[in-house]
Structures are given as structure tokens and as C-alpha cells.
Amino acid sequence: MKLNERSLAFYATCDAPVDNAGFLHKKGGRHAAYHRRWFVLRGNMLFYFEEPASREPVGVIILEGCTVELVEAAEEFAFAVRFAGARARTYVLAAESQAAMEGWVKALSRASFDYLRLVVRELERQLAAMRAGGCPPAPSRPRALPPRENGCAVWSAEPPTAPTGTSTSARPGPEPPPLPPRRRASAPNGPLSSASFAQLHEWYGQEVRALRSQWLRSRAQP
């Protein structure tokens, strides 16, 4: 698929809901100065503008194959978006608060299609467990801040692994209900390609509600 400036500008400023938006301080590529820019995250594209009312973005960052790290910088609440490769550019950004920084780091680390593939695999595993009559395992939840390595806190899309000899069944409290399953190749009233979002939401919502009811009944039995 070819992208040009016009199509990118339309996608960046369309009325569809955004994944995250707000002001960040962006370090210049050739200079040490920071510039305050309005950032908008849509899918795996991070757009930045001069002002929130700007109709065209100043630039865009494609968030595939990147890592998001906390860094030591002149600005407080700084983090970096790094790409592999000797000539790849590193984008150093700084939020205006601790909460904003954590929100941006989490949103950016989950924006790539690689992360979405991991989520889909986890949902498939939970759905298969529910259909087999078992209780779904508790989904892994990221910690507020990850451990620091070599002076940087690194967010990774890889799910954490449990230590050897431990079991998830030993965790206190009831297991949560399963997350919604990924969409299938066919639907009750026709192909997915001709279905609206409202129809898809209703079809798969029925399946999720039925599985959740089954799970709750199994939990209520002595």
C-alpha cells in the first residue's frame, strides 16, 4: 500500500477516535533543544503537530520494530522510542507528568502489530480453554513500571513467564472471565466483509456473554 502526504494528513486529522493524544516535548534530531508538539496516536502511527488545531502533521513515526525505554535526559519524565539498526533514529520525548509518561509508554508499547498478534494468541488460548469446559487462566497484566536494565526501564510486548515450579492456580481470588475472542471467518447472518461494526459487536458479544454465564455457573457450583 502506498501512502502519500495527503492520505496521511487525512488519516491524522479524521474524526475517528484516537488511541492517545496530548502534548509531549520532542528533542530535535540535530539539536539538543526540545519542542512542544501535539501528539496523536492512531494504530501504529504516531503523528505530531504544531498545535492541536493544526490540519497537517509535522511528521509521523511508524511504531513497528521499536522499543520504548525510560531514559535520563534534560527534561523530566523522558522516554525514548528506539529502532534497531545502525542508522535508525531514536526519538526522545518527554511528558508533562509522571501519569502522562506512563500512559504514553504503555500506549506506544502496545501499538505495533507484533503486540496485537500476541494478544490474539492469548485470547485464542483462553477461548479454547472455555470451550473445553475449563476455567480460563488469569491474563497477564503489565506492572506500573518495569525493572530497570542498564539504566533504562524497558517495555516489551513479550508476556512474562511464570517461575519454574509455580502454578497460576495458587493465586488467591477467583479467576477473571475470558476476554472477547478474535473474529472468525464467518458470522451467523453472512460474511464478515458485509457486516457492520454494530452487527459484529452484537454477534461476538452474544458468544462472550454465553461463555461468561457458563463460567459463572461453574464457579457457583460447590
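View 1. Glu50 counts as partly exposed, at 39% relative accessibility (buried means under 20% relative accessible area, exposed over 50%, partly exposed in between, with a 1.4 Å probe and protein chains only). Arg37, at 16%, is buried. Their side chains meet in a salt bridge, 3.3 Å from N to O (a side-chain nitrogen of Lys or Arg within 4 Å of a carboxyl oxygen of Asp or Glu). Arg37 sits in strand E2 and Glu50 in the loop between E3 and strand E4 (59-62), so the pair ties together parts 13 residues apart in sequence. Strands (E, at least two residues) and helices (H or I, at least four) are DSSP runs, numbered from the N terminus.

This is a predicted model: local features need pLDDT of at least 70, side-chain atom pairs count only at pLDDT 80 or more, and totals for chains, interfaces and linings use all residues. Residues are numbered from 1 along each chain as its sequence is written, and side-chain values use heavy atoms, with hydrogens and water left out.

**View 2. Glu69 with Arg82.** Here the closest N and O atoms of the salt bridge are 2.7 Å apart. Glu69 belongs to strand E5 and Arg82 to strand E6, so this pair also links parts 13 residues apart in sequence. Glu69 is buried at 13%, while Arg82 is partly exposed at 30%.

**View 3. A pair inside helix H3.** Asp114 and Arg117 both lie in H3 (residues 113-131), three residues apart, about one turn of the helix. Their side chains form a salt bridge at 2.0 Å, N to O.
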